[in-house]
Amino acid sequence: RLRDRLRRHRGLPGELLGSGVRGGRPVTLGNARPLADPARHCLAGGMETFSHDGLTFAVRDTAVCADSRRASGSAADGVGAPDGEPVVLLHGFPQTSLAWSAVTERLVRAGRRCLAPDLRGYSPGARPSGRTAYRLDVMTGDVLALLDAAGLDRAHVVGHDWGGGLAWAVATAHPERVARLTVLSTPHPAAMGWAMRHGTQG
């Protein structure tokens, strides 16, 4: 199960599921700043949508207060502290942010703030036509826009499947925005390219 694979990943217990200490020192990340649009955001500092490239993306943010979730009809994964270490969760194909629900519950219990967006093509307000709208460099901009809208300098980034490829792209192009990268079921792009050129399977 995805939840168990994430829990067993060597890079996560100390960084995401444990004490938040790296190399014997506390990890300090950018905290959420007050958000400007009260119609979209809970007073607790969370968010339910963000915008980029003329599109509106739905995001499951554990900092959104329970009252706001009930009013909007969105399902809750638990409410995490808005100033907890942020974790961005990028889903695979064909999934939505709901794929991370079980993992989110564990991270919230560990005091983390989770932001799981519905990526392009899956969010009702972000389904542009044309293949060029789904290039990795374009979608990398979506992830950066999420961080900016949440007032975060950087976050732990976790990706699975197609979201894993996107996570690699974000970390490669903007390493300063990624505190720790965890990718499930998606090899490094260079390793995948080498395997495609040298693989012996027919």
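What share of the 202 residues of the protein counts as buried? The figure is 46%. This comes from a predicted model.

## Overall fold

The protein has six helices and eight strands. Read along the sequence, the elements run α-β-β-β-β-α-β-α-β-α-β-α-β-α.

Take the contacts between residues at least 6 apart in sequence: 66% of them join residues at least 24 apart.

## Surface

The protein exposes about 10100 Å². Carbon and sulfur atoms supply 54% of that area.

One nonpolar patch lies on the surface, formed by F93, L136 and W162. Together these residues have about 300 Å² of accessible area. F93 sits in the loop between β5 (86-90) and α3 (101-109). Its relative accessible area is 58%, so F93 counts as exposed. The cut-off for exposed is over 50%.

Now to helix α4. T140 is located in this helix, which spans residues 136-149. Is T140 buried or exposed? T140 counts as buried, because its relative accessibility is 5%. The cut-off for buried is under 20%.

What does T140 touch, leaving aside its neighbours within four places in sequence? Its contacts are L166, A169, V170 and H174.

## Two positions side by side

F93 belongs to a loop; T140 belongs to helix α4. F93 is part of the nonpolar surface patch with L136 and W162, while T140 is in contact with residues including L166 and H174.

Notes: Residues are numbered from 1 along each chain as its sequence is written. This is a predicted model: local features need pLDDT of at least 70, side-chain atom pairs count only at pLDDT 80 or more; totals for chains, interfaces and linings use all residues. Side-chain values use heavy atoms; hydrogens and water are left out. Patches are made of residues with over 30% relative accessible area and no salt bridge: like charges are joined within 9 Å, nonpolar side chains (Val, Leu, Ile, Met, Phe, Trp, Tyr) within 5 Å. Accessible areas come from the Shrake-Rupley method with a 1.4 Å probe; for residues, only the protein chains shown count as cover. A salt bridge is a side-chain nitrogen of Lys or Arg within 4 Å of a carboxyl oxygen of Asp or Glu. Helices (H or I, at least four residues) and strands (E, at least two) are DSSP runs, numbered from the N terminus. Buried means under 20% relative accessible area, exposed over 50%, partly exposed in between (1.4 Å probe, protein chains only). Contact means heavy atoms within 4.5 Å.
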